[in-house]
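Welcome! Take a moment to look over the sequence and the structure below, and then we will walk through a few of the features together.

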Amino acid sequence: MNRLAILALLLSPLPASACNDSLLAEAEAAFARGVEQRSDAVTAKASFRLAANRYDELWRRGHHSPALALNRARAHQLAGDLPGAIAAYHEGLTIARFDYSLQRGLEAARTAVAYPHDGALADECKPSTFTTIRTRLSPLEAFAIAASLWLSSCLLVVRWRMTRRLNLLFAASLGLLALLTLGLSWWQAGERLHVEGARPLVIVRELSFLHRGNADAYPVRFEQKLPCGVEARALTERGGWVQVELAGGAVGWFPRHAVIVLDERGPV
Amino acid sequence: MALLSFIALGVAASAQAQDPDYHAQGNPITATWSVDHRELAEDETLLATLTIRGATNPQEIVRPELGTMKAFTDQFRRIENGAESRAGEVSFTYRLQPRDPKTNRLPSLDFPYSRPGESRPTQSTRVKGIDLVVTAAVPKPELKPPPVPMTDPEELFSITTGPQVLRREPFSPSRSTWLALLLAGPLVGLTWFLVWRQLYPDAARRAHLQRTRAARRALETLRHSQDAGIVVLRYLRERFQLPHEAVTPADIESSLQGEKVSAENANAVEEFFRQCDAARFAPVSDSDLSLRDEASVLIARLEARA
């Protein structure tokens, strides 16, 4: 009966006017219920699925906060939807790349993906991670540091103008140099992210073969199916198939229904 | 005794005749049904036993195949043969499951047999059926598999709650914010400078003096030099082209007057060098500091009037 009620709630269309606060309250209540029911995975997963559904709706309504991204990712993961969780982590990191909880959550979710242990596929599908200044500093922190460096440099120059003491000018130069370094690193990291984000992220939703062409008739690239949660980058889309490039560089086609495609605006 | 034996030839349900296919000798044969219970649910099994007595050839009696008899298949959905015994009397057991609650009887059975010397059965015994009461099956409770606990990492079970979840995207400075910061630096510096000049005009004047190369160098040197007189002399030579042969206070004073320095300032310079001479030949004292201060003031004075 309990499960039927949850199913009915899941299927019920959400009124457009539904208050965000009540939606959030529903999500939190469902999550709390899932935690209480964790001794029975089947029942608990239904509650977590409901929570994930509500968090997704809030995300769709534009509440893009790192906390919401983390909540929905965890709800998806506990509901047994690993690809959905990975997608939620990525969406959170799009708006808060520096968020350590999201970074760690994504790494943990990736460890749950059943990557093959050996063979060509094992090398091809494990995603690579990179660290830049933007994964360490938030824009606010970077702004605060830049503002401190710039203002102190300006004040040091003024003080030098007052006293003509050369060490002040030297200190101001150091400050400006640090500011320049920070700016260049930030710009470089931004360029890298821009290049990465130019191709939508693809996450395998169903256990699928990677085909050499956009039909089942084409031969498969690997003898094994790719596990759920494998990440790739989309190259093109044609006739219900998506051409992707795996982390190792292998290119192939997935049926569109078997993958989640994310771009800057969220799941497609 | 042998005359009393009969030959059992065959068996048939009352509703369906069947050709006999075996022989035996003996007395008139009797056959009976017995059941383990007369009331049962439709999903239970009835254990029925057919017992045949009086046959002289028990080893040759063939078990009646109830599964091929319509009278039985109409009543029972499952008919399985069980154990059999041929010690003295012959018994065959059957496990029967009623077809539905309408099943109400274990059907009768005709059992034909022949007398010794007869090639075809001429006798028959009837196995009387037994009334049964079959009730509907009691619905069994659905067996649920034992619950399996979730074994995900503990940190996944905690979330952030409250209004902060609905905050918008984290702060990201726009172009205008960066532009404002770019302008703020010089503006703050300029403001500080103007305020400083307003509050400390002398310091501002000294700072202005420092902009001339000779004065700036002299003032810098004065901070560390022990001999203020030499520093000022070097400054005068550089700034006012004082001749190198002018080394006495009087010579310096007259040379400066030729360089458009006011008489007042020239006199001040002469007086300063006299004090330097006095200090140089005097016993050890703390006059160095005051001379350095005077030198600074003197340089400022000369720069201001130059």
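## Where the two chains meet

This is a predicted model. The contact between the chains draws 39 residues from chain A and 33 residues from chain B. On the side of chain A that touches chain B, α2, α3, α4 (66-78) and α9 (139-163) each supply at least two residues. Which of these helices gives the most? The answer is α9(A), with twelve residues. Sorted by class, this side of chain A has 25 nonpolar, eight polar and six charged residues.

## A pair of helices in chain A

Now turn to helix α2 (residues 20-36) and helix α3 (residues 41-60) of chain A, whose axes come within 8 Å and cross at roughly 155 degrees. Because angles over 145 degrees count as roughly antiparallel, α2(A) is roughly antiparallel to α3(A). Their crossing is left-handed.

## A look at chain B

Chain B contains eight helices and twelve strands. How much of chain B is buried? Of its 306 residues, 25% are buried.

Contacts in chain B also reach along the sequence: among those between residues at least 6 apart, 58% join residues at least 24 apart.

Note on methods. Residues numbered from 1 in each chain as written. Chains lettered and ligands numbered in written order. Predicted model: local features only at pLDDT ≥ 70, side-chain atom pairs only at ≥ 80, totals over all residues. Helix = DSSP H or I, 4+ residues; strand = E, 2+ residues; numbered from the N terminus. Buried ≥ 20, exposed ≤ 12 C-beta atoms within 10 Å, placed from the backbone. Contact = placed C-beta atoms within 7 Å. Axes fitted to C-alpha atoms, helices over the stretch in contact; angles between N-to-C directions. Parallel < 35°, antiparallel > 145°, perpendicular 65-115°, else oblique. Left-handed = near helix turned anticlockwise from the far one by under 90°. Nonpolar A, V, L, I, M, F, W, Y, C, P; charged D, E, K, R; others polar.
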